[in-house]
Amino acid sequence: MKGLLEYVGLQVVVPPPSSKRTMSLGVQHGPEFACLPLKLNIGNLIEAREMGADTFIMAGGVGPCRFGLYGQLQKDILADLGLPYDSLILEPPDRGLWQFIKRVKKLIGNVSWLRVIQGVRLAYNKAVCVDELEKLVQYLRPREVKKGIADQVFTYSLTTIDKADNMSNLLEGYGLARQKLLHIPHDEHKQVLKVGLVGEIFTLLEPYASLEIEKKLGYLGAHVTRSIYLSDWINEHLFKSLFNGKGKKDYKDYAPPFLNHFVGGHGQESIGAGVAFAKEGYHGLVQIAPLTCMPEIVAHTIFPRVTESTGIPVMTVYVDEQSGQAGISTRLEAYMDLLTQKNSRVERKSYH
């Protein structure tokens with residue numbers, strides 16, 4: 001979104017990465033039993049206002065998930081704090097690309113349609129480049145000789161992609177970043193566990209919210225794959241699977257007979273992704289969700305049946321402002337030990 005809006009000439013304020021201060025501000029001013037994403041969003045917006053922001057843009061939502069109310073709720077809370085914001089809520093997101101472009105055009109005013117469409121194209125391809133690099137980092141983490149190098153290269157590459165103001169610069173930056181990652185010393189023949197990461201989209205994509213579970217699993221020796229990547233979500237909900245749509249699996253199709261209908265958020269996709277990962281030979285699943293997230297609570301209650309049917313172990317992690325790094329690390333270490341022992345027994349049985 002930053003790339004798109006800067007491309008059409010708007011000044012964009014990006015708040016600092018979420019931190020303890022962000023969380024503290026959100027907890028202080030948000031409803032106690034609201035889920036973690038709302039609290040972090042409130043903190044983000046307070047920090048953005050301190051940097052000069054006066055308008056925020058966010059997606060809307062439909063169905064049982066409370067996310068559809070967050071835009072207006074955040075606006076009301078901030079107004080009560082004496083921090084009034086203008087807002088543009090892009091809802092419902094499933095109306096497609098043209099509806100999205102028209103709303104953006106209304107926001108930016110006197111800019112040609114061609115410029116807007118070019119900006120959308122650049123923004124989407126930035127998301128694709130980031131996701132492709134992140135998938136490569138997920139492959140390297142458990143295999144690299146010196147832990148942390150891939151993440152350092154990836155962090156630097158994000159700055160390069162962020163600064164790219166046209167497709168040529170973007171592709172050049174992406175190509176260089178990919179080559180740097182591939183040249184990191186690693187053992188491509190190392191046997192590693194494969195772990196699928198499923199759950200609510202915000203906690204999957206925001207490292208601070210998930211206490212960097214994805215990175216921790218990688219350092220513990222797991223090749224982690226998420227059920228949701230941002231570019232896939234954009235392609236599915238805004239572009240109606242226009243790009244690479246034919247070969248892309250829809251995780252909802254894997255959910256029956258365990259979960260046959262929409263329950264809000266990504267609850268159905270979590271179950272479907274878990275089944276798909278099991279069929280692809282993954283050794284385990286980790287479900288991440290904000291505390292009180294109803295769609296993921298539904299999925300949580302169904303995962304034991306998925307485990308019984310497919311044999312894949314599932315660990316569920318709920319996060320809120322009380323979650324701590326040490327506790328999560330201990331649980332992940334124990335879970336990885338369990339997967340290692342289970343996999344060793346299977347290998348010995350197969351050998352004999």
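These notebook entries concern the aromatic ring pairs of a predicted model.

Entry 1. I noted that residues are numbered from 1 along each chain as its sequence is written. Because the model is predicted, local features need pLDDT of at least 70 and side-chain atom pairs count only at pLDDT 80 or more, while totals for chains, interfaces and linings use all residues; side-chain values use heavy atoms, without hydrogens and water.

Entry 2. I looked up the aromatic pairs and found 4 in the structure. Rings of Phe, Tyr and Trp (its six-membered ring) pair if their centres lie within 6.5 Å; planes under 30 degrees apart count as stacked, over 60 as edge-to-face and the rest as tilted.

Entry 3. I examined F56 and Y85, whose ring centres are 5.5 Å apart with planes at 70 degrees, so this pair is edge-to-face. F56 belongs to strand 1 (residues 55-59) and Y85 to the loop between helix 4 (70-80) and strand 2 (86-90), so the pair ties together parts 29 residues apart in sequence. Helices (H or I, at least four residues) and strands (E, at least two) are DSSP runs, numbered from the N terminus.

Entry 4. I checked burial, where buried means under 20% relative accessible area, exposed over 50%, and partly exposed in between (1.4 Å probe, protein chains only). F56 is buried at 5%, and Y85 is buried at 4%.

Entry 5. I turned to F277 and Y282, with centres 4.7 Å apart and planes at 45 degrees, so the pair is tilted. F277 is buried at 1% relative accessibility, and Y282 is buried at 11%. Ring pairs join Y251 to F277 and Y282 in a cluster.
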